[in-house]
Amino acid sequence: MKKLSITSTIEEYDSSAELNADDQALLAKAKDAGKNAYAPYSAFHVGAALRLENGVIVTGNNQENVAYPSGLCAERVAIFSAGANYPNVAVNTIAITCASAKFSVNRPLSPCGACRQVIAEYERKGGKDIRIILAGETGAVYIVSAMKDLLPLSFEADELKA
């Protein structure tokens with residue numbers, strides 16, 4: 001029997017004030033996007049902002065629906081929008097924030113499994129790692145250098161081939 005060793009490297013900052021100006025601006029765009037989320041059922045607002053290789057910033061927010069699971073997460077809204085409007089431009093960085101009308105979010109929350117898989121797919125599509133910035137309403141900020149640090153054994157297209 002072999003044992004796999006999987007390690008992750010995640011940088012932790014005490015607050016967004018410690019980030020460089022570009023990352024602060026991207027995080028601010030994500031927070032603004034989250035304010036426009038359609039979340040009448042959960043009151044949990046998620047915003048995402050991604051910076052493409054050409055410098056364009058694309059935003060998204062969660063969109064709920066009374067017929068769960070018909071809604072869509074902020075990360076996928078932003079990535080699919082970028083893929084539709086800039087199909088051959090790689091994603092450099094995605095910032096993801098969350099806030100709740102019911103409680104205070106004082107730490108970063110990571111993307112759900114479906115969003116992790118989509119980000120991993122777009123890393124492969126773009127041929128480069130995507131940096132991920134995670135933040136709550138207050139508190140620490142995490143920076144992940146690539147999706148493999150959050151989803152080390154992602155499903156890949158090669159696994160569909162015989």
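In the predicted model, helix H2 passes helix H3 in a left-handed crossing. The axes of H2 (residues 74–85) and H3 (residues 113–126) come within 9 Å and cross at roughly 25°. The two helices are therefore roughly parallel to each other, the crossing angle being under 35 degrees. On the H2 side, the contact is formed by Glu75, Arg76, Ile79, Phe80 and Gly83, which meet Ala114, Cys115, Val118, Ile119 and Tyr122 of H3. By residue class, this contact comprises seven nonpolar, one polar and two charged residues.

Helix H3 consists of 14 residues and reaches 20 Å from its first C-alpha to its last, close to the 20 Å expected at 1.5 Å a residue. Buried positions in H3 are Cys115, Arg116, Val118, Ile119, Ala120, Tyr122 and Glu123. The elements covering these buried residues include H2 and strand S5 (131–135). Just after H3, Gly127 adopts a positive phi of about 70°.

Arg116, located in H3, has a relative accessible area of 17% and is therefore buried, the cut-off being under 20%. Apart from neighbours within four places in sequence, Arg116 is in contact with Ser110, Pro111, Met147, Leu150 and Leu151. Ser100 lies 16 residues from Arg116 along the chain, and the C-alpha atoms of these two residues are separated by 22 Å.

Notes. Residues numbered from 1 in each chain as written. Predicted model: local features only at pLDDT ≥ 70, side-chain atom pairs only at ≥ 80, totals over all residues. Heavy atoms only, no water. Axes fitted to C-alpha atoms, helices over the stretch in contact; angles between N-to-C directions. Helix = DSSP H or I, 4+ residues; strand = E, 2+ residues; numbered from the N terminus. Parallel < 35°, antiparallel > 145°, perpendicular 65-115°, else oblique. Left-handed = near helix turned anticlockwise from the far one by under 90°. Contact = heavy atoms within 4.5 Å. Nonpolar A, V, L, I, M, F, W, Y, C, P; charged D, E, K, R; others polar. Expected span 1.5 Å × (residues − 1). Buried < 20%, exposed > 50% of the residue type's maximum accessible area, 1.4 Å probe, protein only.
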